[in-house]
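Me: I have a model open and want to learn how to read its features. Walk me through a few, please.

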Amino acid sequence: MKKIKFLLPILAVTLFSCNDYLDINTSPNNPFFDQATPAKLLPGAQVSTYKVQATTMNTLGNVFMNSWTRNVQSYGNGYDNELQLVISNSFYSGIWDGLYRNLKNFDAIIKYPNPDGKYDNYVVAAKVCKAFYMQRIVDLYGKAPYSKAWEGNANTTPTYDDDFAIYKDLIANLEDARALIAAANANAEDMSGVDVMLKGNMPLWEEFANTVELRMLLRMSEATDPAVQAYRDSKLATISAGPFLSGNVAINPGYNSSTDDSASPAFGNYAYQVAGVAQGNRLFIAMSGHAYKCLQSYATTNWPAGATHEIIAGSGVMYPNITDARSARLFTANGSTTRRAVTQGASQVDVSTPTGSLPGLPCRLGLLGNFNPYGQAPNQTLDEYFAVDGFVMTLSESKFLEAEAAVRYPQFGFSGAQTSFDDGITDNFLMRNAAIGSYLTTINAKPNFGLAASTTLPQKLHAIMYQKWVALMGINAIESYIDYTRTGYPLTPLSTVATQSRKPYRLIYPVSEYVANTANVPNMTSNDAFTINAFTPFWKK
């Protein structure tokens, strides 16, 4: 069994062009350390961490949040562990291993000799990206190696840090990044030519840093520990003025159709190979029955006679009863004009229009809604799709964070919840190439789905989390799952074959840790993931 990956001194290789940015797998274990300057490390680290987010993390979030399921018309199994909620130390281990491997590069940039401030801008980007992705490790796993994690062969068995302490240090890193931006060192090298996310635009890096910190502070919104609450409130009071994201944090190092590794990760993983052959996911991933009912009106859904329209039996919260124009963009009919979906856990396709023939092929991922952001592939050719931007953080997500902050914490200066809420929805319709029409007016009249009609805190939070769920579907769905573990919203049915009464609060440490870092990795069982205990991320306790 090989040693845990993140302990190896893996650095990005020398990078000279957009195509080189994508060539991240060349001799990863034998880099020329004297050539591994921040300018050569940054783009590879940005590309590699984003790929984990856009594929492995995105898949888990979409299945756990009941947006995607398997096409049971064509496949007898698949997503079995996800639907049954059977998790182990091999369950989605690529999240831990993939993120830690590439966090090493951000850490190396931060520690790179910088006596005259030449690399200040790179340090800013590295600190923000490290906070962005390390937060996900804490959110999904709790305690983790951090202060001793990237010492290479000098320490191959790093101890585990307290997860609250990690959060506080990450926020300190964000504060350091903002201070470097404010200092505007005249010696700082322009990184616009190698920064594949924000093109060296330091005001945008400041917005990104503020937004990441806001997300981290909102994670602590329901913490019961007085020390966590006091820390959270003190930081909220200092950050309320922003500025927060004014646009998307997109990433594009020159994605293209020359090789599969060069393609925009989401399209290359879920849609097509560059040879024009459909990926297995193109047929395998199907629209869930829950997503169909959320995004279609009662009149366009085959509800059984006398069936309740409740999302969860006994919740009193009904499906919104509106046909959302994003529905047909996110999921398109497969092989016919009939739209169909699958209840997670069902053995046959069972959700459709009232007159739709069943069973039959369910809706698959729509190209326009998932892979053609803002019409970046105007002619909808494969070459165009392979070249579109990825999205590390969307403007919609930022707007929903601002809306939640305004609902929860007006005492710290946050305001404009309705405006931020509406802006988040509007931008997502644009991203999905869907006509918004009268959607804002209609949805805002519905408690739990629109903010204007929601009068209680639970209703408002459900509305925000519901809209964020739709907005991040297929893009960054892991964020919706983490929000769900934090708030319980939006209401999301379990699969009919689930073996647990709820979704897990966290994942289990991967087998790589139990093999290579046995003395330090917390010894937990699968059942520990489904209860609030010492292993649960600190912000949920």
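Reply: Let's start with Lys199: at 44% relative accessibility, Lys199 counts as partly exposed. Buried would be under 20% relative accessible area and exposed over 50%, with partly exposed in between (1.4 Å probe, protein chains only). Bear in mind that this is a predicted model, where local features need pLDDT of at least 70 and side-chain atom pairs count only at pLDDT 80 or more, while totals for chains, interfaces and linings use all residues. Numbering runs from 1 along each chain as its sequence is written, and side-chain values use heavy atoms, leaving out hydrogens and water.

Me: Where is Lys199 found?

Reply: Lys199 sits in the loop between helix H6 (163–183) and H7. Helices (H or I, at least four residues) and strands (E, at least two) are DSSP runs, numbered from the N terminus.

Me: What about the backbone there?

Reply: Most residues other than glycine have a negative phi, and most peptide bonds are trans. Lys199 has a positive phi of about 55 degrees, although it is not a glycine. Asn66, also not a glycine, has a positive phi of about 60 degrees. You'll find Asn66 in the loop between helix H2 (38–64) and strand S1 (68–70).

Me: Is Asn66 buried or exposed?

Reply: Asn66 counts as buried, at 3% relative accessibility.

Me: Which peptide bonds are cis?

Reply: Here are two to look at. A cis bond joins Leu358 and Pro359, with omega about -5 degrees, and Pro359 lies in the loop between strand S8 (351–352) and strand S9 (364–365). The bond from Tyr489 to Pro490 is cis too, omega near -5 degrees; Pro490 belongs to the loop between helix H19 (477–487) and helix H20 (511–516).

Me: Now packing. How do I describe helix H7 against helix H15?

Reply: Two packed helices are described by the angle between their axes and the distance between the axes. Helix H7 (residues 202–219) and helix H15 (residues 395–408) pack at about 50 degrees, with axes 10 Å apart. That makes H7 oblique to H15. Axes are lines fitted to C-alpha atoms, for helices over the stretch in contact, and angles run from 0 to 180 degrees between N-to-C directions. Under 35 degrees is roughly parallel, over 145 roughly antiparallel, 65 to 115 roughly perpendicular, and the rest oblique.

Me: Which residues meet there?

Reply: From H7 come Thr211, Leu214, Arg215 and Leu218, meeting Glu397, Ser398, Leu401, Glu402, Glu404 and Ala405 of H15.

Me: How many residues of H18 are buried?

Reply: 13 of its 16 residues are buried, so H18 is largely enclosed by the rest of the structure. Just after H18, Gly474 takes a positive phi of about 80 degrees.

Methods: Contact means heavy atoms within 4.5 Å.
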